[in-house]
Amino acid sequence: MRKPRLALLLGEAAGIGPELLAKVAADSSVRQFADSLLIGDLRVFEQGLTIANSQVDYVAFTDPDQALKHIGEETVPFLDLQNLNPSDLQLGQISATSGRVTAATLTYALQLAKENKIDGLVYGPLNKEALYAGGVHFQDEMEFFSDFFSFTGIAGEMNTVDDLWIARATSHIGIKQVSQHLTADSVKQAILLANQTLKEVGYSCPRIGVCALNPHGGEGGLFGDEEIRVIAPVVEQAKKEGISISGPYPADTIFLKAVEGEMDVVLGMYHDQVQIGFKLIGFKRGVSVSAGLPTVITTPAHGTAFDIVGKGIADPGPMKRAIAIAAKMVESRKRLHAGREAK
């Protein structure tokens with residue numbers, strides 16, 4: 001099986017993304033995971049090389065077919081979209097122009113994936129405010145990606161740090177909306193997504209720990225009955241279907257169990273319930289996975305780091321891990337597909 005072909009994108013040009021990509025492209029160890037195609041504006045990438053003090057043996061193309069032919073060669077192909085002059089930006093500042101171009105570059109790479117010209121993409125950190133200013137009016141990247149693929153199946157953002165994964169039954173909605181969106185179907189979909197995604201990265205039987213919604217797990221209905229009506233029944237049904245799952249646990253203790261190795265995934269009922277624990281454990285080491293979509297998409301979980309941009313100190317570790325995870329997911333999907341065809 002050939003190595004996965006991944007598009008690597010700069011992300012928000014005013015942030016640390018170009019520096020991260022420069023450091024990753026200069027690291028030969030990354031090539032053990034995947035064959036890469038760099039995509040963006042060459043001038044932005046070269047600025048990233050200067051900031052990172054890195055040297056990369058690359059060759060630039062403006063024709064996508066020519067760039068694609070050179071994936072896997074010793075000299076890294078760079079597909080130059082010529083769509084953003086870094087002199088028009090100020091590092092560390094929100095730019096509507098950069099937000100618009102970032103979205104356009106993502107769309108370009110997604111189209112390559114849709115046409116099966118690449119196997120997946122890994123992108124540098126985005127800035128939601130810049131994207132919105134640039135005319136991208138989606139709640140988050142998952143909505144943006146799902147809209148592009150016209151995808152209506154089970155999908156959602158997951159995060160991982162070290163050996164722990166994080167999933168959510170609801171995501172970017174207001175707290176007052178959580179209870180009404182918390183249904184047996186939404187919890188079950190989150191369980192299935194977490195189970196399938198971890199199998200794609202090598203877990204044979206992922207252990208899923210489920211959060212309660214209410215304080216102390218609802219105290220038998222005294223503090224809310226979502227655990228009784230919704231969460232616990234779905235957990236029990238999932239157990240009957242062969243999923244390794246436990247809970248619901250009070251949210252103020254579940255991470256104690258998680259860091260002691262009792263579970264592989266913490267499934268929360270709303271965003272901050274699990275994101276706080278995840279970011280405390282290792283925000284700067286984390287990776288975000290756009291799970292369930294037709295193509296594999298990953299990114300570092302940290303932000304654009306406007307406070308350190310231009311200093312050359314951004315850590316490429318999460319970007320490297322995002323590439324490694326994407327490659328593993330691509331390989332797993334290919335094996336599953338080959339197995340189905342063999343039948």
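**Notebook: strands, then helices**

I began with strand β7 (residues 164-168) and strand β10 (residues 265-268), which run parallel and are joined by four bridges. Within this pair, I found that tryptophan 165 has valine 265 of β10 as its bridge partner. I noted that the model is predicted, that local features need pLDDT of at least 70 and side-chain atom pairs count only at pLDDT 80 or more, while totals for chains, interfaces and linings use all residues. Residues are numbered from 1 along each chain as its sequence is written, and side-chain values use heavy atoms, with hydrogens and water left out.

For the element names, I kept in mind that helices (H or I, at least four residues) and strands (E, at least two) are DSSP runs, numbered from the N terminus.

**The sheet**

I looked up the order of the strands and read β3-β4-β2-β1-β5-β12-β11-β6-β7-β10-β8-β9, twelve strands in an open sheet with mixed pairing, where two strands pair if DSSP finds at least two bridges between them. β3 and β9 (244-249) each have a single partner strand and stand at the edges, so one side of each is left without a neighbour in the sheet. On average, neighbouring strands of this sheet are turned by 25 degrees against each other, direction ignored.

I then saw that α6 packs on the sheet, touching β5 (120-123), β6 (156-161), β11 (287-291) and β12 (296-300), with its direction at about 35 degrees to that of β11; contact here means heavy atoms within 4.5 Å. Helix α11 (residues 271-282) lies across β6, β7, β8 (207-211) and β10, and runs at about 160 degrees to β7.

**α4 against α6**

How do helix α4 (residues 96-114) and helix α6 (residues 141-149) cross? I found that their axes come within 11 Å and cross at roughly 45 degrees, the axes being lines fitted to C-alpha atoms, for helices over the stretch in contact, with angles from 0 to 180 degrees between N-to-C directions. That makes α4 oblique to α6, since angles under 35 degrees count as roughly parallel, over 145 as roughly antiparallel, 65 to 115 as roughly perpendicular and the rest as oblique. Among the residues making the contact I listed Leu106 and Leu110 of α4 and Phe145 and Phe148 of α6.

**Glycine 134**

I located glycine 134 in the loop between α5 (128-133) and α6. Its C-alpha atom is separated by 6.0 Å from that of threonine 97, 37 residues apart along the chain. Not counting residues up to four places away in sequence, glycine 134 touches Ala96, Gly99 and Arg100.
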